[in-house]
Structure formats: C-alpha cells, structure tokens
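Let's take a friendly walk through one protein model. Have the sequence and the 3D view ready as you read.

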Amino acid sequence: MAARQRIVELNDRRRHGRRSQTVYVNAFIRSTFSPLDVLSDEALIRKYRLNREVIQELCALVQPHLVRATRRNFALSPTVQLLAALRFYASGSFFEVLGDGLGLSRSSISRAVTAVTQVLLQLTARVTFPVGQAAIARVNEGFHTIAGIPRVIGAVDGTLIPIASPSENEPIYICRKGFAAVNVQVVCDHEGRFTDVVAKWPGSTHDSFMWANCGLRQVAEDGGFGGCWLLGDSGYPLRPFLLTPFLQANTPAEVQYNIAHSRSRTVVERAIGVWKQRFRCLSKTAGGLQLHPTKCCAIVVATAILHNMAVQANVQLPDDVVLMEEPDADHLPADVHPAGVEARQQLLQHMFGP
C-alpha cells in the first residue's frame with residue numbers, strides 16, 4: 001500500500017502556458033486511511049515493532065507537535081511522519097531506500113525522523129529510576145525472584161551503538177572492536193525496562209569512566225539508593241551500592257554468588273539485545289546509524305523510550321527474530337573499594353551463611 005502511487009493531473013496551462021504536467025503523489029500521503037486501518041496486528045509489529053495500541057498512543061502524543069504550518073497540498077501529516085520514523089527505527093534502512101519504499105523523498109524521511117525524534121525526547125519520564133517504597137520494593141522482589149539476591153535496584157551495562165565515522169575527532173569514536181560508535185550506559189529493572197540511559201560518550205570511552213561521570217553515581221554516593229545496590233560486571237568499580245562478581249571465586253559461597261550475580265545481571269544483557277533487535281537502526285547488522293553523533297545519541301534515547309513503551313504493553317518481537325549476544329568486553333582491572341568488599345562479604349553471609 002505504501003508504495004502504491006496515484007496520478008494527479010496538475011494543469012498549470014493558465015499560469016505558464018504549458019501542457020498539463022503529470023505528477024506522482026504517494027497514496028501513503030493522500031489517502032484518508034493509514035496502515036493502522038489496513039494492516040494486521042502481526043504486520044504492524046513486523047513493520048514498526050510496536051502494536052496498534054502503542055502506535056495509536058504515540059499518534060495522539062505527537063499530533064500537536066508535528067502539524068506543519070504550511071499551505072502545501074501534500075504536507076506530511078503527523079501520522080505519516082510518525083510511521084516513517086518508526087519504520088526507520090525498526091529497519092535501519094538508508095533514508096533513500098526507505099523513501100523509495102514509502103514513496104517519499106530522502107529529505108522528507110530525514111525531516112520526519114528528526115522531528116519525531118525530538119518529540120519523543122519530551123517523553124523522558126518513560127525512563128524513570130525507581131523512586132518510592134512501592135516502586136523500589138517491586139524491583140527488589142523481581143530481582144530476588146531471579147536468583148535470590150536481595151535489595152537489587154537494577155543492573156547496569158554499557159553497549160556500543162555503531163555510527164558513521166564522524167568528520168571531526170574520529171579517533172575517539174573508534175571502539176575496541178575497530179568501528180566508529182557511541183558507548184551507551186543503560187540501567188534496567190527486572191522486567192528489562194530501562195530506568196536510566198546515558199548516551200553521549202564516544203566509542204573509545206570505558207564503561208567505568210561513563211559510570212564515574214553519570215548523575216546516577218552521584219545519587220548513589222549521596223545515599224539515594226537507600227541501602228539497595230546495582231549489579232555490574234567486572235568492568236565496574238566495586239562499591240557498597242554497586243556489586244560486581246569475584247574475578248577469582250575461591251570458595252563455594254563465592255562460586256554460588258557469581259552464578260546468582262550472572263543470572264540476575266543477564267536481565268540487562270537481554271534488554272539490550274531485545275532493544276537492538278526491536279530497533280535495528282541500533283544494530284551493526286543493519287549498518288548502524290549513518291548520522292552525526294549528536295543525532296545518533298538523540299535516536300538512542302528516543303528508541304529507549306519506545307522500548308519501554310513496548311515492554312509496558314508486552315509487545316513481543318516476531319518469532320523469527322533471533323537475539324544477538326554481544327561478547328564480553330576486555331575489562332581493565334576492577335577498582336575495588338574496601339566498603340564495597342565489606343558489603344559484598346556481608347551479602348555472601350546473608351545468602352549462604354558464614
């Protein structure tokens with residue numbers, strides 16, 4: 001339907017004295033119905049990675065912000081702009097290729113993606129760290145159910161989002177795997193919902209540096225976790241509020257702790273995998289984001305918001321989508337704080353006895 005064309009005869013003979021001109025205008029723009037009216041639920045999820053209800057909710061949210069003040073006959077409606085952006089997020093196709101499929105120009109797709117992304121960034125309240133007794137208790141209980149570790153408030157990890165090599169400061173964007181990227185820090189809860197996202201660092205940045213310079217670390221330092229802790233891999237510093245695994249487990253209790261820690265922290269690894277497969281513009285298999293780093297970071301946050309909306313609505317990926325697992329990073333020696341060692345030891349005694 002999106003590629004279907006209607007022929008509109010525009011007669012400009014009276015103004016220019018020329019013959020009638022045939023112009024091709026996409027039915028996707030001119031039609032009074034949208035893909036929401038004709039596609040099945042399964043087809044919507046496959047094309048846009050969101051179900052009908054979430055897309056309709058988004059349409060209502062973006063409508064006031066995407067109406068363009070123009071007198072053009074075929075200005076893109078808010079719905080068309082939203083669906084074009086969602087299709088880009090879901091497929092990661094080049095703007096020109098995507099435009100050919102939708103019957104839109106490359107510049108129209110680019111403007112739609114930029115406009116929709118900026119509107120979605122206003123929905124950052126959808127990415128919220130647990131606050132209040134009820135919210136914190138729900139996350140604590142969820143993580144405890146996974147592997148028995150109490151008082152866990154989230155799991156933290158970094159992930160590389162491939163981008164086009166920038167014209168300025170290219171070397172700092174080259175990651176440990178040899179391609180240009182931005183390094184993104186995410187925290188998620190037990191359901192795989194992102195509760196904190198930091199997307200601003202070039203690909204060469206180490207995970208521990210991102211953590212040391214994020215606002216959430218300052219909240220933790222100030223006692224904002226209320227006796228709870230995050231779980232991080234061995235690339236993160238061991239702190240009273242951030243627990244890491246033993247690099248060498250020498251006792252049965254330490255072995256069991258590492259197993260429980262790994263099982264619990266798998267939640268964030270899976271969340272990242274689902275996020276990248278839901279929105280393949282973030283995946284290296286789709287070529288990555290061929291945009292300026294600033295725009296890439298904005299899209300990263302926007303898709304994280306959409307991911308949370310999908311998790312909230314229990315939108316599953318199509319059955320034939322296979323999650324891609326990222327190999328573990330080569331971590332620097334861990335920064336170990338004595339108070340962190342003590343906290344981890346107390347946890348071992350609580351879980352496995354003296």
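## Salt bridges, a strand and a bent helix

E191 has a relative accessible area of 43%, so this residue counts as partly exposed. Keep in mind that the model you are looking at is predicted.

E191 has a salt-bridge partner, R138, with their closest N and O atoms 3.5 Å apart. This pair ties together distant parts of the chain: R138 sits in helix 9 and E191 in the loop between strand 4 and strand 5, 53 residues apart. Which residues are linked with R138 and E191 in a network of salt bridges? D189 and R193 belong to that network too. R193 is buried, with a relative accessible area of 14%, and D189 is buried as well, at 2%.

The whole structure holds nine salt bridges, including these:

| Pair | N to O distance |
|---|---|
| R126 and E57 | 3.0 Å |
| R138 and E191 | 3.5 Å |
| R193 and D189 | 2.8 Å |

Helix 5 bends by about 30° at A60, with the proline P64 following within four residues. Among the buried residues of helix 5 are V54, I55 and L58.

Now look at strand 3, where eleven of eleven residues are buried. Strand 3 pairs with strand 4 in the antiparallel sense over eight bridges, and A155 has C188 as its bridge partner there. With strand 6, strand 3 runs parallel, joined by three bridges; here G154 partners L230.

Note on methods:
Residues numbered from 1 in each chain as written. Predicted model: local features only at pLDDT ≥ 70, side-chain atom pairs only at ≥ 80, totals over all residues. Heavy atoms only, no water. Bend = angle between axes of the 7 residues up to and from the residue. Helix = DSSP H or I, 4+ residues; strand = E, 2+ residues; numbered from the N terminus. Buried < 20%, exposed > 50% of the residue type's maximum accessible area, 1.4 Å probe, protein only. Pairing = 2+ DSSP bridges. Salt bridge = Lys/Arg side-chain N within 4 Å of Asp/Glu carboxyl O.
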